[in-house]
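Dear colleague,

Please find below the structure that I am handing over to you. My notes on it follow directly after.

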2 protein chains.
Amino acid sequence: MEHQSTSMQIPEAEKSVILDSITIDCVIFGFKNEELEVLLVKHKEGISKDKWGLPGGWIYENEGIDDAANRLLLELTGIKDVYLEQLRAFGAPDRFPLSRVITVGYYALIKEEDYDLKAGYTAAEVAWFKVSEVKDLIYDHQQILEIGQKRLRRRIKQEPIGFNLLPEKFTLLQLMHLYEQILGYEMDKPNFRRKILKMDLLTPLAEKQKDVSHRAAKLYRFNPETYKKLLEKGFNFEF
Amino acid sequence: MEHQSTSMQIPEAEKSVILDSITIDCVIFGFKNEELEVLLVKHKEGISKDKWGLPGGWIYENEGIDDAANRLLLELTGIKDVYLEQLRAFGAPDRFPLSRVITVGYYALIKEEDYDLKAGYTAAEVAWFKVSEVKDLIYDHQQILEIGQKRLRRRIKQEPIGFNLLPEKFTLLQLMHLYEQILGYEMDKPNFRRKILKMDLLTPLAEKQKDVSHRAAKLYRFNPETYKKLLEKGFNFEF
DNA sequence: TACTCTTATAGTATATTTGACTACAAGTAT
DNA sequence: ATACTTGTAGTCAAATATACTATAAGAGTA
């Protein structure tokens, strides 16, 4: 989002309190129609006007970088109260064309239906895109997205973070499809089911799936207590 | 190493080409006498004169951050040609007392005996310290070190990076002790041996240990080819 | 030389976990 | 009633993990 340095967006009074060679960019993942999606914003002004990129921007001088990430995400997209985890800093000398700017990438997983998108600040539009179809992002945002995906793949094998992408209630097959989608290979239904149920991480609900034209599957909910226990002693989610 | 902003170390001519709110700090791990060690430097000047901290410093405007990390490590400690991996950015607003500075942490594993330490630049001294005994580092360096350790523990369960800490030739027991040291729990000798040998990652040498007052153990060498193959298909180093 | 001590290395026996399947159950649609 | 689709249960052999026991190969010492 470094284009703001040349857009007239930042009032003169504020400019002095903004760090001028560091920015933040956020990779926000969602999951819809069995596909992994990412949240992008279209720039309103500056050198990348009308181009899509990750939501991000400048850091205030008296603000921690994690706070800056949360603030920027809210300002640009209307999303708040999300657990943003840092990816890393991206600092190739030529990553931003106008000046030397290093950016710190963040990523988060959210349930799309929980949030109303509202383009704000320097964003003309906000929208979800299928990760598989995203291309031509500004600057090095394509690379940041890739690193985000890599992190996601790694993490999902060690922590049940997939639950953050699914609705409260879900079926085992939905969960399995999410794993398949993220990891990129197919799995065996009975085996997946057995393994994940044995972990005691899912609370079965009395409810069943509705409006499906076949036998309805049982709905489950994620059990945060077992999760905490499992995290302590370490575990493996590979399938 | 942010103290350089107030030390007189940087010639006026160079100051203009240095980014003023970002630094680099490196966590360099070594392994000696069955203990995990970390490389620290003692500052020669500035507000942290005579205090110990991680080797690090400022980034030139036309230099990538990875390159900066390598350069700084060389300048301060004499170490070069090391694979430095980025940890993440540290950006609490008050982490550096004199001004707002965000730092990017890096870490690396090296064989201590391969390098001659040479304090240079703004470092008065360079030395190895047992990680377990390190305390009172400057700024937030203690936290960066901790994150480095966490990363190391995580990584060593998925990649055989331990070999970077050991000499060329080593015994199975040395390798096991390294794992125990880093992961913090004891292992079973026969089982460790069986598992690691089956991976075909070690090349047995004709040589044996010398100067030990008991049965000499066979020496092994790390096999980088199998390593590459294993990395591709993914594997698990947990014991 | 014989005995002891220490560490190296081999082997064993059981429980647990995978991975590839088959079979059947429970619904919808025709 | 029958076909079709997806959910769920179960089987079985192979591979792995775990907790051991046993023996080998030295060096050091009496």
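In this predicted model, a backbone N or O atom of K218(A) lies 3.1 Å from a phosphate oxygen of DNA strand D; a polar contact here is a pair of N or O atoms within 3.5 Å. R215(A), by contrast, places a polar side-chain atom 3.1 Å from a base nitrogen of DNA strand D.

Around DNA strand D there are 19 residues, of which L173(A), R193(A), R215(A), N191(B) and R215(B) come nearest; a residue is near the strand if one of its heavy atoms lies within 4 Å of it.

As to the two protein chains, chain B is superposed on chain A by a rotation of 179 degrees with 0.0 Å of shift along its axis (RMSD 0.1 Å), fitted by least squares on the C-alpha atoms of residues with pLDDT of at least 70 in both. That is the relation of a two-fold axis. In chain B, the C-alpha of R88(B) is nearest the axis, at 2.3 Å.

Residues are numbered from 1 along each chain as its sequence is written, and chains are lettered from A and ligands numbered from 1 in the order in which they are written. Local features need pLDDT of at least 70, side-chain atom pairs count only at pLDDT 80 or more, and totals for chains, interfaces and linings use all residues, while side-chain values use heavy atoms, with hydrogens and water left out.

Kind regards

Notes: Polar contact = N/O pair within 3.5 Å; in protein donor to acceptor, adjacent residues only side chain to side chain.
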